[in-house]
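Visitor: Could you take a close look at one part of this model for me? I would like to start from a single side chain and its partner, and then see what surrounds them.

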Amino acid sequence: RHDAESVLREGETLSAFVETALREQIERRKTQKEFIARGLAARDAANASGQYASKDDVMHSLQTLLDTAKNRTPSAPV
């Protein structure tokens, strides 16, 4: 309790802090659950079709996306 109270912002209550933390954790877990569901669906689709992407192809695609994002907003860190 002391540690939690020591990081409260001015005017923030412990109950408000706990409520915010709880809401953020719920959203994080929902996002994780959706991410896992998409991954499992992609796995099942690949198994059904027999079409898979190689590690090198995936890494190249991700690098291209990263490079594109960096070029779009040169002043914003990616």
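Guide: Happy to. Let's begin with glutamate 5, which counts as partly exposed because its relative accessibility is 37%; the classes here are buried for under 20% relative accessible area, exposed for over 50%, and partly exposed in between, using a 1.4 Å probe and protein chains only. Before going on, please keep in mind that this is a predicted model, in which local features need pLDDT of at least 70 and side-chain atom pairs count only at pLDDT 80 or more, while totals for chains, interfaces and linings use all residues. Residues are numbered from 1 along each chain as its sequence is written, and side-chain values use heavy atoms, with hydrogens and water left out.

The partner of glutamate 5 is arginine 1: their side chains meet in a salt bridge, with 3.0 Å from N to O. Such a bridge is a side-chain nitrogen of Lys or Arg within 4 Å of a carboxyl oxygen of Asp or Glu. Arginine 1 has a relative accessible area of 70%, so this residue is exposed.

One joins arginine 23 to glutamate 19, whose closest N and O atoms are 2.6 Å apart. These two residues lie about one helical turn from each other because they are four residues apart in helix α2. Arginine 23 is exposed, at a relative accessible area of 55%, whereas glutamate 19 is partly exposed at 41%. Another bridge links lysine 55 with aspartate 56, with 3.8 Å between the closest N and O atoms. Here both partners are on the exposed side of the cut-off: lysine 55 has 63% relative accessibility, and aspartate 56 has 53%.

The chain has three helices and zero strands, in the order α-α-α along the sequence; helices (H or I, at least four residues) and strands (E, at least two) are DSSP runs, numbered from the N terminus. Helix α2 covers residues 14-49, and its 36 residues should span 52 Å at 1.5 Å a residue, which agrees with the 52 Å between its end C-alpha atoms. That expected span is 1.5 Å times one less than the number of residues. After α2 comes glycine 50, with a positive phi near 75°.

In helix α3 (residues 55-72) we find leucine 62, partly exposed at 47%. Leucine 62 and glycine 39 are 23 residues apart in sequence, and their C-alpha atoms are 16 Å apart.

Stepping back to the whole chain, the C-alpha trace spans about 55 × 35 × 15 Å along its principal axes. Its radius of gyration is 21 Å, while a compact globule of 78 residues would have one near 12 Å; the radius is taken over C-alpha atoms, and the globule rule is 2.2 Å times the number of residues to the power 0.38. Buried residues make up 3% of the 78. The chain exposes about 7200 Å², of which carbon and sulfur atoms supply 56%, by the Shrake-Rupley method with a 1.4 Å probe.

Finally, back to charge, where we came in. The 12 positive and 12 negative charges of the chain have mean positions 4 Å apart. In that count Lys and Arg are positive and Asp and Glu negative, with His and the chain ends not counted, and each charge is placed at NZ of Lys, CZ of Arg, CG of Asp or CD of Glu.
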